[in-house]
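Hi there,

Please have a look at it in your viewer while you read.

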Amino acid sequence: MSKLTKEKNNTLNEEVESELNEHAELTNEEAEMVFAEAEDSKEDSKEIDYSTEIQTLTSKLEEADNRYLRLQADFDNFRRRTRLDIEAGEKYRAQKLAIELLPALDNFERALNIEADNEQSKSLLQGMEMVYRGLVEALKNEGVEAIEAVGKEFDPNFHQAVMTGEDENYGSNIVIEEFQKGYMLKDRVIRPSMVKVNQ
């Protein structure tokens, strides 16, 4: 190979090498830029991930707070209902016994309306009256009282109309006769009065 050809080859090689180096430098710069962009986008995605995570945790916290508040309200309602049930149970504890004793009181009242024609029946009636008064007093101590009916205006909350009639001595819608006494336990009607109402 001639000296001239060698020189040409060397020059050509140098040019190619120079071009390759230039291209390699450009590529390195580009690679650094791409790497920097990748780092920035990685940081951005981290920020996005953090904000998404924060939103998720915030919504979970709000949900837990709401659940806690609902549970607290449910517990307060349960405690209030339990207290009211206990108070009602204490207040109306005599209701079952009073209802069971009312037919006996009715029988006593019917028996006391009998006319006594001799001393023996009079003393028997006095004894029955004493027992009757004792029962009435015991029930009164528990809060049981008779409902007033005759001469009062008919009230469906306290009276049960079984008949109607016409009496000039009473106004319209006034109870004129009582067939069976009604009773209240404190503020609760345990048996309404069976009555006849004037038209």
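At 22% relative accessibility, M128 counts as partly exposed, where buried means under 20% relative accessible area, exposed over 50%, and partly exposed in between (1.4 Å probe, protein chains only). M128 lies in helix α3. Leaving aside neighbours within four places in sequence, M128 is in contact with F108, A111 and L112 (contact means heavy atoms within 4.5 Å). The C-alpha atoms of M128 and E109 are separated by 9.5 Å, and the two residues are 19 apart along the chain.

A word on how to read all this. The model is predicted, so local features need pLDDT of at least 70 and side-chain atom pairs count only at pLDDT 80 or more, while totals for chains, interfaces and linings use all residues. Residues are numbered from 1 along each chain as its sequence is written, and side-chain values use heavy atoms, with hydrogens and water left out.

Now the overall picture. The protein has three helices and six strands, which run α-α-α-β-β-β-β-β-β from the N terminus on. Helices (H or I, at least four residues) and strands (E, at least two) are DSSP runs, numbered from the N terminus. Of the 199 residues in the protein, 17% are buried. Among contacts between residues at least 6 apart in sequence, 61% join residues at least 24 apart.

Helix α2 (residues 95–112) has 18 residues, which at 1.5 Å a residue should span 26 Å; its end C-alpha atoms are 25 Å apart, which agrees. The expected span is 1.5 Å times one less than the number of residues. There is a kink of about 30° at L101 in α2, shortly before the proline P103; the bend is the angle between axes fitted to the seven residues ending at a residue and the seven starting there. The buried residues of α2 are Q95, A98, L102, L105, D106, F108, E109 and A111, and what covers them includes α3, β1, β3, β4 and β5.

Helix α3 has 23 residues and reaches 33 Å from its first C-alpha to its last, close to the 33 Å expected. Its buried residues are L125, Y132 and L139, with α2 and β1 among the elements that cover them.

How many aromatic pairs does a search of the whole structure find? It finds one. The ring centres of F108 and Y132 are 6.3 Å apart and the planes are at 45°, so the pair is tilted (centres of Phe, Tyr or six-membered Trp rings within 6.5 Å make a pair; planes under 30 degrees apart are stacked, over 60 edge-to-face, the rest tilted). This pair links distant parts of the chain, with F108 in α2 and Y132 in α3, 24 residues apart. F108 counts as buried at 18% relative accessibility, and Y132 counts as buried at 14%.

Not counting residues up to four places away in sequence, V144 touches A98, L139, Y183, M184, L185 and I190.

Happy to talk it over.

Best wishes
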